[in-house]
Amino acid sequence: MATKLAALVVLVAFLAGPAACEGTYICFNGWLRLPSILDKLLCPRGSGTRREPVPSPSGSGLSYGYYSTSCPSAEKIVKEAVKKAVDENPGIGAGLVRLFFHDCFVRGCDASVLLNTTNSNNETEREGLPNMNSLRGFEVIDEAKTAIEAACNNTVSCADIVAFAARDASYFLSNGSINIPMPGGRYDGRESFASETDQLPGPFSNVAELNASFAAKGFTLDEMVTLSGAHTIGRARCMFFSSRFSEMNQTYAANLRAECSNNGDTNVNQDSVTSNVLDKQYYQNVIDNKVLFTSDAVLNSTETRTQVIDNADKPGEWERKFEKAMEKMGKIKGDQQGLEIRKVCWRVNNVGQY
Ligand code: HEM
């Protein structure tokens, strides 16, 4: 009953658009704003995540240069595909960094985020609220996979391609300043459920909720702050921040209001200063109150303020921490990994059997 009611409210909140949500409260693991009374009713604190946390990063079975004998050209092929895409549109690089995060946080890094809907499963992760009409970069993964299959078939997993692509996008978008050591050896999963994307932190989350969400995947509070720095690239839709214009730096908010012009689907740059560069500018933006989401702005809280100032001030500090945290992200394991090397990244092998 509560689930049905929640679904109805979610639908209404979305159909009503951001204006209807002014002055409202937050729910569904921070992905939706609901009137406070409904929030209290439907979303007692901590209820956003239905599944038990998956095991924390272990990384067993992964190694660096994993394909150096079995498919020596694999990592080079991915790098070239990413370079071409980022040169054409840096936003796709941002999409690839996010794709990796959204893959690894749900069922571990198993490329479950890439699976298209099928007759038997019309609700894969791609249809989940955080992903639908939002994730991008799929075509780069497909292009790399096609070239890799031609060079050495049935050898390189889609999950590894996603991880290498995030590493390479980070490298190119940081102009070579960020070089993530990324092992290979992941396998592709065979299951993907939209409902499980509620494990991803939402833009209306406070520090405690962000901390809980990252801790469930084995990350510390400092690593959460470090990874949030990825919001120095890419774009975001107005529906996720138009309720908090009054809380932002007012010059910044005025520009955003004009860009959004009451359309929740409009995209704006996450970092208005160095929009296409993966750098520590995000932390200065947090300090200056020139960030989009509640989940960005709350990093000014006492628990995380020191890390924000350090990351903003100390050259190289954030970059090294980001490399380590992204490598760690690549080691998140789900409980059902190690199943196959997909032939095509958006569907499981032997699909006819299912
Ligand atoms: C801390 C909790 C986080 C929250 C609440 C959050 C939420 C969001 C939201 C709502 C968007 C905009 C989506 C849209 O408008 O369609 C976004 C974009 C983005 N996020 Fe996060 N995110 C978080 C952490 C991360 C992490 C850990 C990474 C990567 C390491 C990341 C990378 C990105 C990137 C690169 C974009 C822009 C994507 C693009 O332009 O295609 N985010 N995030």
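## Notebook: disulfides, rings and the ligand

I began with the torsion about the S-S bond of C104 and C109, which is about 120°, so this disulfide is right-handed. The model is a predicted one, in which local features need pLDDT of at least 70 and side-chain atom pairs count only at pLDDT 80 or more, while totals for chains, interfaces and linings use all residues. I number residues from 1 along each chain as its sequence is written, and side-chain values use heavy atoms, with hydrogens and water left out.

**Entry 1: disulfides**

I looked up the sulfur pairs, where a disulfide is a pair of cysteine sulfur atoms within 2.5 Å, and the structure holds four of them. For C104 and C109 the distance from S to S is 2.2 Å. C104 is buried with a relative accessible area of 0%, and C109 counts as buried at 1%.

Next I took the disulfide of C238 and C260, with 2.1 Å from S to S. Which hand does this disulfide of C238 and C260 have? Its torsion is about -85°, so I note it as left-handed. C238 lies in the loop between β3 and α9 and C260 lies in helix α9, so the pair ties together parts that are 22 residues apart in sequence. I use helices (H or I, at least four residues) and strands (E, at least two) as DSSP runs, numbered from the N terminus. C238 counts as buried at 1% relative accessibility, and C260 is buried as well, at 3%.

Another disulfide joins C71 to C152, where I read 1.8 Å from S to S. Because C71 is in the loop between α2 (36-42) and α3 (74-88) and C152 is in the loop between α5 (138-151) and α6 (158-173), this pair ties together parts that are 81 residues apart in sequence. Of its two ends, C71 counts as buried at 1% relative accessibility, and C152 counts as buried at 12%.

**Entry 2: S112**

I found S112 in the loop between α4 and α5, and at 0% relative accessibility it counts as buried. For its neighbours I looked for polar contacts, meaning pairs of N or O atoms within 3.5 Å; within protein, one atom must be able to donate a hydrogen and the other to accept it, and residues adjacent in sequence count only if both atoms are side-chain atoms. The side chain of S112 makes such a contact with the side chain of D110, at 2.7 Å, and a polar atom of the S112 side chain lies 3.5 Å from the backbone oxygen of V106.

**Entry 3: aromatic rings**

I counted rings of Phe, Tyr and Trp (its six-membered ring) as paired if their centres lie within 6.5 Å, with planes under 30 degrees apart called stacked, over 60 edge-to-face and the rest tilted. By this rule I have 13 aromatic pairs. For W31 and F240 the centres are 5.5 Å apart and the planes are at 80°, so I call this pair edge-to-face. W31 counts as buried at 6% relative accessibility, and F240 is buried at 8%.

For F101 and F214 the centres are 6.2 Å apart and the planes are at 15°, so this pair is stacked. F101 is in helix α4 (residues 90-104) and F214 in helix α7 (residues 207-215), distant parts of the chain that are 113 residues apart. I also noted that ring pairs link F101, F105, F214 and F219 into a cluster.

**Entry 4: the ligand**

Which protein donor does the iron atom of the ligand have? I counted N, O and S atoms within 2.8 Å of the metal (3.2 Å for Na, K and Ca) as donors, and since water is not among the atoms, sites may look incomplete. The only protein donor is H231 (NE2), at 2.1 Å, and H231 is in the loop between α8 (221-228) and β3 (235-237). Around the ligand I also read a polar side-chain atom of S134 at 2.5 Å from a ligand oxygen atom, and one of R136 at 2.7 Å from a ligand oxygen atom.

Note on methods. Buried < 20%, exposed > 50% of the residue type's maximum accessible area, 1.4 Å probe, protein only.
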